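Here's a walk through the strands, cores and confidence of this protein. Have the sequence and the 3D view open as you read.

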Amino acid sequence: MESDEAAAAAAASPQGSGGTVTPAPKKRGRKPKIKEDSQTPSSSSQQSGGKKTKQSVDEKYTQWKGLVPILYDWLANHNLVWPSLSCRWGPQLDQATYKNRQRLYLSEQTDGSVPNTLVIANCEVVKPRVAAAEHISQFNEEARSPFVKKYKTIIHPGEVNRIRELPQNSKIIATHTDSPDVLIWDVETQPNRHAVLGAATSRPDLILTGHQDNAEFALAMCPTEPFVLSGGKDKSVVLWSIQDHITTVGTDSKSSGSIIKQTGEGGDKTESPSVGPRGVYHGHDDTVEDVAFSPTSAQEFCSVGDDSCLILWDARTGTSPVTKVEKAHDADLHCVDWNPLDDNLILTGSADNTVRLYDCRNLTSNGVGTPIYKFEGHRAAVLCVQWCPDKSSVFGSSAEDGLLNIWDYDRVSKKSDRAAKSPAGLFFQHAGHRDKVVDFHWNAADPWTIVSVSDDCETTGGGGTLQIWRMSDLIYRPEEEVLAELETFKSHVMTCASKP
């Protein structure tokens, strides 16, 4: 069988808060944002709470591991030497009988002994119903998966906090680091670099300028135009068009997302070209933590921030908010995603441990957020939310509790008494990570396959875990289909058993 070694690989994220670049111990993962006046619990209570949390995480992981052959169609675990803050699928390269090969983007956040890098890997994605159950369950948490192979390394100028690919040409990616600029890379034409101490950083193909302070996390690419959106500590949202740097000479290029190269390549270029913004948008009162484009308009987008606000913008009407949702959550907002299959629906995730679903047609009541529903299933801050590319009511959320939850809003009203102990709408829980899950990404080429990364520094003292997994289709397919298939299987088993 082509898929016998479904192992895995974990990645997590050091944290770039505060912009410190000293060799002192680094915070990893998203900024905790703990208020000064809340840092008062006694050390003994903190320690006991920490032991209880660690114990519960380990117990949950042990329980989960025993169920892996039942829950998953495929699971690959890849242990990372250095943690990563971001993971993204790139273009599909080729297809074979049992596996497809696809680009995978992730980062390496080092301790300074070697440079920080942007990693372009080749990933073999096992096709549905190919992996054997006994091989799915036999993985080593400390191993590096044979399904993930490093293809190219780019030496990044600073930590990679966020990676986003351009939908029009997913070989073009944007990265956020602890600086005001957004860096644009053509990963195919960038030279492969050897990350050794003292090596010069790779040169971005384009630098997007416009922020007045560090922009670390909020980053999005437009699905309809080669536009880039960013938010930062300057409390602003900034919009660029990569097209502004594409000359008319490049109109015969094979891809609309092409970037005109300068003299030389990578580290040989003397200076990276830069481009200024199309617009700068002011309305937040604190750091902008995440941004998202409307799936149907390059001129409409939204943002969330540490001011607990969700703001909708329209570039055609100026630089002021179209709608400002005050108190969208009860704490800082960390993430937002706009539904690609239903442009009325927006998801938000927060430090208040909840995910909230908003309808653009009815966002507020007297200026205060009125979500359609509050999803309460995490026990720590939610760091990432993303809609499923295959079904408009399904989405995922990951958090500092080490869990990646898969929800279906359509199931909220259908909650049965049998499942009363689980939160409404929650139908799958990926518990394969044992520390905060800082990022994940649905695979558009294989919609129920997900890549996720966790920052394992608090549990193991370093490194991270990258996992690529696909739940069994018996879990998400329509109930009547599943029951019919199981009945057929039962009949087949009975027929085989009756034969001498």
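## A parallel pair and its sheet

β10 and β14 pair in the parallel sense, over two bridges. Leu 208 stands opposite Val 275 in β14. This is a predicted model, so keep that in mind for everything that follows.

Zoom out and you'll find that pair inside an open sheet of five strands, ordered β7-β8-β9-β10-β14, with mixed pairing. The edges are taken by β7 (162-166) and β14 (274-275); each has a single partner strand, so one side of each is left without a neighbour in the sheet.

## A serine in the loop

Between β9 (182-186) and β10 (206-208) runs a loop, and that's where Ser 202 sits. Is Ser 202 buried or exposed? Ser 202 has a relative accessible area of 1%, and since anything under 20% is called buried, Ser 202 counts as buried.

What does Ser 202 touch, leaving out residues up to four places away in sequence? The list is Ile 154, Ile 155, Pro 157, Trp 185, Gln 190 and Arg 193. With Arg 193 there's also a polar contact, side chain to side chain, at 3.2 Å.

Now look at β32, residues 464-471. Eight of its eight residues are buried, so β32 is largely enclosed by the rest of the structure. As a rule, side chains in a regular strand alternate between the two faces of the sheet. Here Gly 464, Leu 466, Ile 468 and Arg 470 point one way, while Thr 465, Gln 467, Trp 469 and Met 471 point the other way, and all are buried.

Which strands pair with β32? One is β2 (residues 72-80), antiparallel over eight bridges; Leu 75 has Trp 469 as its bridge partner there. Another is β31 (residues 449-455), also antiparallel, joined to β32 by seven bridges. In that pairing Thr 449 stands opposite Arg 470.

## Nonpolar cores

The largest nonpolar core has 47 residues, and the ones touching the most other members are Leu 104, Ile 406, Leu 466 and Ile 468. In soluble globular proteins, nonpolar side chains tend to be buried together.

## An antiparallel four-strand sheet

There's also an open sheet of four strands in the order β26-β27-β28-β29, paired antiparallel. β26 (382-387) and β29 (426-430) are the edge strands, pairing on one side only. From one strand to the next, the twist averages 20°.

Strand β28 (residues 404-408) meets β29 over four antiparallel bridges. There, Trp 407 has Leu 426 as its bridge partner.

Mean pLDDT for the protein is 83, with 79% of residues at 70 or more. Where is it low? Over residues 1-28 pLDDT stays under 50, though the model has 116 contacts beyond four places in sequence for them. Residues 262-269 also stay under 50, with 18 such contacts. Where pLDDT is low, the predicted coordinates should not be read in detail.

Technical notes:
Residues are numbered from 1 along each chain as its sequence is written. This is a predicted model: local features need pLDDT of at least 70, side-chain atom pairs count only at pLDDT 80 or more; totals for chains, interfaces and linings use all residues. Side-chain values use heavy atoms; hydrogens and water are left out. A nonpolar core is a set of buried Ala, Val, Leu, Ile, Met, Phe, Trp, Tyr and Cys residues joined through side-chain atoms within 4.5 Å. Buried means under 20% relative accessible area, exposed over 50%, partly exposed in between (1.4 Å probe, protein chains only). Two strands pair if DSSP finds at least two bridges between them. A polar contact is a pair of N or O atoms within 3.5 Å; within protein, one must be able to donate a hydrogen and the other to accept it, and residues adjacent in sequence count only if both atoms are side-chain atoms. Contact means heavy atoms within 4.5 Å. Axes are lines fitted to C-alpha atoms, for helices over the stretch in contact, and angles run from 0 to 180 degrees between N-to-C directions. pLDDT is the predictor's confidence in each residue, from 0 to 100.
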